[in-house]
Amino acid sequence: MKKLLLFILFLGITSTGFCQLKSRTFEDAESLQQIQKRKIIVFIHTDWCQFCQRMKATTFKNEEIIQKLNANFYFIDFNAEEKRDINFNNRIFKYQPSGNNVGVHELALQLGTQNNQIVYPILCVLNEKNEIIFQYSNYLSPKDFKLLLENLEK
């Protein structure tokens, strides 16, 4: 009986503990669109942004959110200070240095600029044609993010 209880407990822990968010690259998402059309959710962040790190630790660790994102969307976790070239939407985007070890990626600017400025974190939703259909630049709690996902699924 004890072994059965431990086995059930182990299964419960592993089934919930290993639910991970599948993060794609821009190139992967474009290829996957050829197989199955889905909206793309791009989380644009930096390493130094406290609200970005908070969203990573709370919102994107929520199991319900992870399940919805994995099942219905292509999710891209994008560091705005990424230095590699990115081929997306028939264009190559590059890192733009603006000082000594400081800069921003062109694609982050393309997807995240609102009112001529970029503020982190940014959530950008693209439709199946890679057109921006929604942008939001602020922290989103798990509760608010769930509401957003429900509206996007309609």
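1. L123 stands opposite Y136 in strand 9. Strand 8 (residues 122–126) and strand 9 (residues 132–136) run antiparallel and are joined by 4 bridges; two strands are taken to pair if DSSP finds at least two bridges between them. The two strands form a hairpin with 5 residues between them, and N130 in the turn has a positive phi of about 65°.

2. The model is a predicted one, in which local features need pLDDT of at least 70 and side-chain atom pairs count only at pLDDT 80 or more, whereas totals for chains, interfaces and linings use all residues. Residues are numbered from 1 along each chain as its sequence is written, and side-chain values use heavy atoms, with hydrogens and water left out.

3. The protein has 6 helices and 9 strands. Helices (H or I, at least four residues) and strands (E, at least two) are DSSP runs, numbered from the N terminus. Of the 154 residues, 38% are buried; buried means under 20% relative accessible area, exposed over 50%, and partly exposed in between (1.4 Å probe, protein chains only).

4. A second hairpin involves strand 6 and strand 7, with 2 residues between the strands. Strand 6 (residues 95–99) and strand 7 run antiparallel, joined by 4 bridges. G99 has V102 in strand 7 as its bridge partner, and N101 takes a positive phi near 60°.

5. H105 lies in strand 7 (residues 102–105). H105 counts as buried because its relative accessibility is 0%. A polar atom of its side chain lies 2.9 Å from the backbone oxygen of R84. Leaving aside residues up to four places away in sequence, H105 touches F78, A80, E82, R84, D85, I86, F93, K94, Y95 and Q96, where contact means heavy atoms within 4.5 Å.

6. Helix 2 (residues 26–35) has F26, A29 and Q33 buried. Seen down the axis of helix 2, the buried residues fall within an arc of 55°, so they line one face of the helix; the arc is that of the directions from the helix axis to the C-beta atoms. On the other side of helix 2, Q34 and I35 are exposed. The buried residues of helix 2 pack against several elements, including strand 1 (23–24), strand 3 (73–79) and helix 5 (106–112).

7. Among contacts in the protein with a separation of 6 or more, 63% are between residues 24 or more positions apart.

Terms used: Polar contact = N/O pair within 3.5 Å; in protein donor to acceptor, adjacent residues only side chain to side chain.
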